[in-house]
Amino acid sequence: MSTAPVPPIPALRRGKSLSFRALSAGFGAVEAVVPRRWPAVTAEGIARAAGVSLDGAAREGLARLTGAMARETHLSLFGRVSVRYDLTRLARNAALIERMHEETPAIGAAPVSAPVFIMGLPRSGTSFLHTLLGYDPDVMVPRVWQTLYPAPRPRDFDKRASAAARRTDRQLDIFAGMAPDFPAIHPIDADSPQECSEITAHVFQSLRFDTTFRVPSYTKWLDGFGHDAAFAFHKRYLQALQHGVGAKFWALKCPDHTFSIPAILATYPDARFVVVHRDPVHVFASVAHMTEVLRAPFLRAIDTVEIGRQVTERWIEGAKLLVAFDRSGVVPPERLINLRYEDLTGDPVATVDRVYRHFGEALSPAAAAAMRAHLAAAPRGGYGSNRYQMADFGINPERLRPDFAPYMDYFGINPNAVPGRVPA
């Protein structure tokens, strides 16, 4: 075994659970004596551990991802063990989806009709809206547990009676111990709506990996490769989850949809879109902070200024794409609605009703009541009052204003004052 010195794992933040401190210390002790790259994270090793044969696009995505991890991100021992588990799980789940289709051909024969895609800048209220739609029994949303343990969710689903949901909640509890800031930033449980990036991750073509790890060459490859294969799988995943459920339509959310609109329309020609808009300078410190929180349990060291630069550059481009999408007319007006963050948070149920009416759908009294009950039980949508300095991430809001001026002017977004410390 190598006795070369190992860079220290970054200091644990105040608030990490005692169990994770013990776990981290144990991994740190082992890391000091095992080879630095052990266990190896390679495409071949993942496929072998999963017991699957990957197709061309998934195989290339996994090879690009693991190669970028080896060159560009400094995983701790805990990070490498966790990544091997996660990538193996994704490969097995993808194979399970294919078996479900093979065993029940009716799954693939059923359409995914007029899905609603929620998108916009990150931290602009898209998760809040997605959560509200999840309280309508006539609307399907991918649930956290379904992206870990793929299966349909019956209309009479009882989380307490679901072994998959209980396992998922235990996993979320463990992650909250590793990243105690996460529940306040992104409050979820097993049955919460989940983002589409968790579905496309199953074929290793997802911007989810760019958030959790530092993999710039993988992200550059994915931008060039495109998302057609990922959304072809995405449809097969939704077909498996909707089998026998009998709801009206899917509501699907991910800020990264901004970068995959052509693939979405190629896969779902009748797709409908809800785009939520917010003053951009109010989102980037929050996005950067979430990226830091998600990376902290797995990486040896984190450059917060680099994260700030990464998210601002990415979403300057994203804002341009949102303007171009709206101007293009590729989606007719009756299938596209733009919302202001202030309207959504000011009167959430009325805003949801407006979305439904725009798409020719009806918000039932029962669904509206369920949404109101959730809002009463979860002030601020369940989000905590996290605070952090924009300067921690090298973000200067006034310098960003000119970059986002065309986006704000086009959509009529009013700039808001930026305090010294920004809540998530």
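Cys196 is buried, with a relative accessibility of 1%; here buried means under 20% relative accessible area, exposed over 50%, and partly exposed in between (1.4 Å probe, protein chains only). This value, like the others below, comes from a predicted model, in which local features need pLDDT of at least 70 and side-chain atom pairs count only at pLDDT 80 or more, while totals for chains, interfaces and linings use all residues. Residues are numbered from 1 along each chain as its sequence is written, and side-chain values use heavy atoms, with hydrogens and water left out.

Cys254 is buried too, at a relative accessible area of 2%. What is the closest cysteine sulfur to that of Cys196? It belongs to Cys254, and because the two sulfur atoms are 6.3 Å apart, they are too far from each other for a bond. A disulfide is a covalent bond between the sulfur atoms of two cysteines. With a disulfide taken as a pair of cysteine sulfur atoms within 2.5 Å, a search of the whole structure gives 0 disulfides.

A salt bridge is counted when a side-chain nitrogen of Lys or Arg lies within 4 Å of a carboxyl oxygen of Asp or Glu. One of these pairs is Asp138 with Arg155, where the closest N and O atoms are 2.9 Å apart. Asp138 lies in the loop between helix 6 (126-133) and strand 2 (139-140), and Arg155 in the loop between helix 7 (144-148) and helix 8 (163-178), so the pair ties together parts that are 17 residues apart in sequence. Helices (H or I, at least four residues) and strands (E, at least two) are DSSP runs, numbered from the N terminus. Both partners are partly exposed, Asp138 at 22% relative accessibility and Arg155 at 45%.

Asp191 and Arg143 also form a salt bridge, at 3.9 Å from N to O. Since Asp191 sits in the loop between helix 9 (182-185) and helix 10 (197-200) and Arg143 in the loop between strand 2 and helix 7, this pair ties together parts that are 48 residues apart in sequence. Are these two residues buried or exposed? Asp191 is buried at 13% relative accessibility, and Arg143 is buried at 7%.

A further salt bridge joins Glu342 and Arg340, at 3.7 Å from N to O. Here Glu342 is partly exposed at 30% relative accessibility, and Arg340 is partly exposed at 32%. Salt bridges can also be linked to one another, and Asp86, Arg89, Glu198 and Arg208 form such a network.

The next result concerns helix packing. Two packed helices are described by the angle between their axes and the distance between the axes. Helix 6 and helix 18 (residues 348-358) pack at about 75°, with their axes 11 Å apart. Helix 6 is therefore roughly perpendicular to helix 18. The axes are lines fitted to C-alpha atoms, for helices over the stretch in contact, and angles run from 0 to 180 degrees between N-to-C directions; angles under 35 degrees count as roughly parallel, over 145 as roughly antiparallel, 65 to 115 as roughly perpendicular and the rest as oblique. Which residues meet in this packing? Phe128, Leu129, Leu132 and Leu133 in helix 6 are in contact (heavy atoms within 4.5 Å) with Pro348, Val352 and Tyr356 in helix 18. By class, the contact of helix 6 with helix 18 has 7 nonpolar, no polar and no charged residues.

Thr66, in helix 3 (residues 56-72), is buried at 5% relative accessibility. Leaving aside neighbours within four places in sequence, Thr66 is in contact with Val41, Thr42, Ala43 and Leu87. Ala319, in helix 16 (residues 304-328), is buried at 2%. With the neighbours within four places again set aside, Ala319 is in contact with Leu121, Phe404 and Tyr407. Ala319 and Asp403 are 84 residues apart in sequence and 9.2 Å apart in space, C-alpha to C-alpha.

Finally, Arg123 has a phi near 65°, a positive value in a residue other than glycine. Arg123 lies in the loop between strand 1 (116-120) and helix 6 and is buried at 17%. Phe204 has a positive phi near 60°, lies in the loop between helix 10 and helix 11 (208-212), and is buried at 0% relative accessibility.

Note on methods. Nonpolar A, V, L, I, M, F, W, Y, C, P; charged D, E, K, R; others polar.
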